[in-house]
Amino acid sequence: MTLKAVILAGGFGTRLSEETGIRPKPMVEIGGKPILWHIMKIYSHYGINDFVICLGYKGQYIKEYFANYFLHQSDVTIDLKKNKLEIHNNNAEPWTITLVDTGDGAMTGSRIKKIKDFVDDTFMLTYGDAVSDINIKSLMEFHKSHKGCITMTAVQPEVRFGTVKIGNNNIITEFKEKFRGENTQWVNGGFFVCNKKIFDYIPNGNNITFEKEPLEHLAKDSQIYAYNHKGFWKCMDTLRDKTQLEDLWKKDPKWKLWKN
């Protein structure tokens, strides 16, 4: 059985409209490569090279990218007269990629439901817009240690604005600038491990949000376990986030677990 990673890559990315007007959000580049590529490299570092990508908005952009990927990563000689292509050197990753059109307007739960036949009893799942230095091997080991049908990676994102404590007479008694620590709320960071039982919790239809009814019901049935990740995690939700990730890539890409 091959462990597969499912990546949700079909949303509109409306808060990143400066970039997503011409391409889908997972294809917005960080350091010259789509953030989707970065996510796949994280999984590949841990030996997961089989992917199912849920397409939607401008899905043909992603199809064309991977259809031409081998050629773009190779040194070639093209003989136009003989209509012949000779590959000299290739640096392509050892990936097997299943691209599934899950609908332009479908919500996350509906997209997941449509790839049921492409995965085995256990599979990885994440969004196409967040990178992390998460240890996928440890995440998987934690999932195997419990009897729930889903493990959710919980993260503590950096607070965007400085926080204050207000005392008597509205006097500020403490100020902290953009911190992340014990007082920060844990949030859904994606990077799930799922058992196929989750499909029983996802109704049919195109307007089912995975984060709403399915996860709420799974939580009510005590089927979700949290894997607490205190390391680096960053979601590319706005142009500001993209700029921050670009700066990190130039200086110290926290999520770059692989070697060139």
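Colleague: How much accessible surface does the protein have, and what share belongs to carbon and sulfur atoms?

Modeller: The accessible surface is about 14,100 Å², and 48% of it belongs to carbon and sulfur atoms. Accessible areas come from the Shrake-Rupley method with a 1.4 Å probe, and for residues only the protein chains shown count as cover. This is a predicted model, in which local features need pLDDT of at least 70 and side-chain atom pairs count only at pLDDT 80 or more, while totals for chains, interfaces and linings use all residues. Residues are numbered from 1 along each chain as its sequence is written, and side-chain values use heavy atoms, with hydrogens and water left out.

Colleague: What does the secondary structure come to?

Modeller: There are 8 helices and 16 strands. Both are DSSP runs numbered from the N terminus, helices being H or I with at least four residues and strands E with at least two. The radius of gyration is 20 Å, close to the 18 Å from the globule rule for 260 residues, so the protein is as compact as a globular protein of that length. That radius is taken over C-alpha atoms, and the rule is 2.2 Å times the number of residues to the power 0.38.

Colleague: What box do the C-alpha atoms fill?

Modeller: Along the principal axes, the box is roughly 85 × 45 × 35 Å.

Colleague: And what share of the residues is buried?

Modeller: Buried residues make up 44% of the 260. Buried means under 20% relative accessible area, exposed means over 50%, and partly exposed is in between (1.4 Å probe, protein chains only).

Colleague: Is helix α2 enclosed or open?

Modeller: Helix α2, residues 35–45, is largely enclosed by the rest of the structure, because 10 of its 11 residues are buried. Among them are W37, H38, K41 and Y43. Just after α2, G47 takes a positive phi of about 85°.

Colleague: Which side chain meets K41 in a salt bridge?

Modeller: E93 does, with 3.3 Å from N to O. The two come from distant parts of the chain, 52 residues apart: K41 sits in helix α2 and E93 in the loop between β6 and β7 (96–101). A salt bridge here is a side-chain nitrogen of Lys or Arg within 4 Å of a carboxyl oxygen of Asp or Glu. K41 is buried, at 12% relative accessible area, and E93 is buried too, at 18%.

Colleague: How many salt bridges does the structure hold?

Modeller: It holds 7. One of them joins E216 to K212, with the closest N and O atoms 3.3 Å apart. E216 is partly exposed at 40%, whereas K212 is exposed at 51%. Another pairs D252 with K254, where the closest N and O atoms are 2.8 Å apart. Salt bridges that share partners also join K25, D129 and D237 into one network.

Colleague: Different topic. Which residues make the nonpolar surface patch?

Modeller: F70, L71, V76, I78, L80, L85 and I87 make it, and its area is about 650 Å². Patch residues have over 30% relative accessible area and no salt bridge; like charges are joined within 9 Å, and nonpolar side chains (Val, Leu, Ile, Met, Phe, Trp, Tyr) within 5 Å.

Colleague: Which elements supply at least two residues each?

Modeller: Those are α4 (69–72), β5 (74–79) and β6 (84–90). L85 lies in strand β6 and is partly exposed, at 47% relative accessible area.

Colleague: Where is K58, the one with a positive phi?

Modeller: K58 is in the loop between β4 (50–55) and α3 (59–67). Its phi is about 50°, although K58 is not a glycine. K58 is partly exposed, at 24% relative accessibility. S222 is another non-glycine residue with a positive phi, near 55°. S222 lies in the loop between α7 (213–220) and β15 (224–229), and counts as exposed at 53%.

Colleague: Last one. What is H146 in contact with, leaving aside neighbours within four places in sequence?

Modeller: H146 is in contact with T151 and Y225, contact meaning heavy atoms within 4.5 Å. H146 lies in the loop between α6 (136–144) and β10 (150–155).

Colleague: Is H146 buried or exposed?

Modeller: H146 is buried, at 12% relative accessibility.
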